[in-house]
Amino acid sequence: MTLDFLGTLQRTHMCGELRSSDAGTTVTLMGWVNRRRDHGNLIFLDVRDRTGITQIVLDKEASPEAHAKAEAARPEYVVAVTGKVRVRGQGLANPNMVTGDIEVVGNELLLLNEAKTPPFSPAEDAIANEEVRLKYRYLDLRRVEMQKNFAVRSRVAMAIRNFLVEQGFLEIETPFMTRSTPEGARDYLVPSRVHPGHFYALPQSPQIFKQILMISGFDKYFQIARCFRDEDLRADRQPEFTQIDLEMTFPRQETIFRVVEGFLQTAFKAAGIELGNQQFVQMTYDQAIARYGIDKPDMRLPAMVDLSAELTAELRETLKVDPTLPVLGFTIPRVGELSGTARKALVNEIRGSFGDCGLDFLDVSRLRTNEAFVPLAEAIAAKLTAEQIVFNGENFTTEDLAVVITPKPGTPAKWNHDPQWIWKRVGALRLELAKKYADKHGLFTQTGTAADFKFLWVTDFPMYEWNEEAKTWDAAHHPFTSPHEDDITSGRLVNDKGAVRALAYDIVLNGTELGSGSIRIHRQDVQAEIFRSLGMTDEEAKARFGFFLDALEYGTPPHGGIALGLDRIVMILAGASSLREVIAFPKTAKAIDLMVDAPTPVSEQQMRELSLRTVTRS
């Protein structure tokens, strides 16, 4: 087979652009053969580019040379075709294609390149083996679904960039090679050839640099920044990722909230979703734990309800319920009718999941069968029904699953270090049951409307978290997060770390944390005190952050900011199940790039130039 050269031929249209209004127009299309169907004198080629697919008809009698080349064409061959657009005959339109009303009658076909038989066809809607997809990523990215994902990503990134520029933000790049600083995960280190034994670190975030930009007087900074963290991977985590990073001087928390809400509205619009007057709810960390048992609540589900008032001391004793701990309940909507067998299995499953912390499941339906407990069952049902009405404006029905968790007397001591443990444990069960039941009945199915998306700001996080193993208070955030002013002036920062609140906030969407931010420390004395409170001596702080502490002494304005994961936002907008669906060249769960086979060993000469040698760990 002889391949053709493109020569001076130029493409006139993309494959997804043609419509019935183009009938009679002579066009030239270029792309890949998606499918080929040979009907003898007629050969049909579906030609694909990133905009879509157009059906090409090659008639042996009208264009014998083009027909002969079409006989040689195979899937994934690269072709150029010139022909005339015509409307398909009655009953022959394809409603599943945007170009399904037309076809192009080809009179010239160029075979620009051939292709081996691929390990999978980009024409397939779904490919089960993800490792094969990642190894042949260039084929996987040809798939229509993947092309759409990256078109969304491009539009969203551009919309956010334009919005922030219009709001007076300057886009400024910060270094990739910097010094290692603690950010909560391991750094990727880069050895220096000219300074043997010394290392740069790839940034986990631009945190210190963006704060220095505020000290430098730039007022409003943003960057769509690449970041790197050497940590274990999950579906929503990659070793290198992209975040929308911004910082402002003289802000209140609400100032930053309005900016973020504005660019999220713009980003969603760019993806074809109008949020309209979508409410971004606000609640404190303590409120989120008390109502949802988690600091990133999924607002598509009703909140938990405290049912303690419904159980008198006498009832608690009869039902063997701890007299000092709360009784919590919740509902999972749209579960459907459960058979007696299914309900019994669910009861056993719930009880089994609490085997380590002294909690039990109270079956409200069984309470109704005992005359002595009917009033209690009705009171519980009424309170759960009220929450359901608040949630979705509908009455609680028999298709909604009601769950009531009771603490047994004598809670295991290992849980006592966290006074919020019971709310967190019940909140985890709430999500577990939602995934098991609600997903099956479409509660989490995206319809492409504003109702699918429940945004939430969570504020006033604890400044410190207790390390039970080390018996110390550790920073719950990066050490540049400011405490509440009254926690500084009242002395709690030194004397009662467990009560100190951070001026930190998260933006949450449908139970996924999109980003975190805070008002920063702008005074050198407060920053030094925070380092000391984390067990860092002044000398250690100077050695690790001396340049930053010095900068704070030269007129640092109050400032704050936030960083949101662009990958996560696009993943949600694309309805994808993993970040790997919206990152062009992702890593596996073992941090391997299967396409380029990285990481790999390097030569002895490269190691010598970097003054490195490998040591096998025992």
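Modeller: Let us begin with strand E15, where Leu401, Val403, Ile405 and Pro407 point one way and Ala402, Val404 and Thr406 the other way, and all are buried. Buried means under 20% relative accessible area, exposed means over 50%, and partly exposed lies in between (1.4 Å probe, protein chains only). Helices (H or I, at least four residues) and strands (E, at least two) are DSSP runs, numbered from the N terminus.

Colleague: Before we go on, what kind of model is this, and how are residues numbered?

Modeller: This is a predicted model, in which local features need pLDDT of at least 70 and side-chain atom pairs count only at pLDDT 80 or more, while totals for chains, interfaces and linings use all residues. Residues are numbered from 1 along each chain as its sequence is written, and side-chain values use heavy atoms, with hydrogens and water left out.

Colleague: Why is E15 described as largely enclosed?

Modeller: Because 7 of the 7 residues of strand E15 (residues 401-407) are buried, the strand is largely enclosed by the rest of the structure.

Colleague: Which strands pair with E15?

Modeller: Strand E13 (residues 328-332) pairs with E15 in the antiparallel sense over 5 bridges, and Thr331 has Ala402 in E15 as its bridge partner. Strand E14 (residues 359-362) also runs antiparallel to E15, joined by 4 bridges; here the bridge partner of Leu362 is Val404. Two strands count as paired if DSSP finds at least two bridges between them.

Colleague: Changing topic, how many strands form the closed barrel?

Modeller: The closed barrel has 5 strands, in the order E1-E2-E3-E5-E4, with mixed pairing. From one strand to the next, the twist averages 55°. Such angles run from 0 to 180 degrees between N-to-C directions, and axes are lines fitted to C-alpha atoms, for helices over the stretch in contact.

Colleague: What packs on that sheet?

Modeller: Helix H1 (residues 64-72) does, touching strand E1 (26-39), strand E2 (42-49), strand E3 (52-59) and E5, and its direction makes about 65° with that of E5. Val79 stands opposite Leu111 in E5.

Colleague: And the largest nonpolar core, which residues have the most contacts inside it?

Modeller: They are Leu164, Phe263, Leu264, Phe455 and Leu564, in a core of 43 residues. Helix H6 (residues 253-270) gives the largest share, 8 residues. A nonpolar core is a set of buried Ala, Val, Leu, Ile, Met, Phe, Trp, Tyr and Cys residues joined through side-chain atoms within 4.5 Å.

Colleague: What does Leu264 touch?

Modeller: Leaving aside neighbours within four places in sequence, Leu264 is in contact (heavy atoms within 4.5 Å) with Leu275, Phe280, Phe455, Ile507, Leu514, Leu564 and Ile569. Apart from this core lies another, of 25 residues, among them Leu301, Ile332, Ile350 and Trp421.

Colleague: Is Asn510 buried or exposed?

Modeller: Asn510 is buried, with a relative accessible area of 10%.
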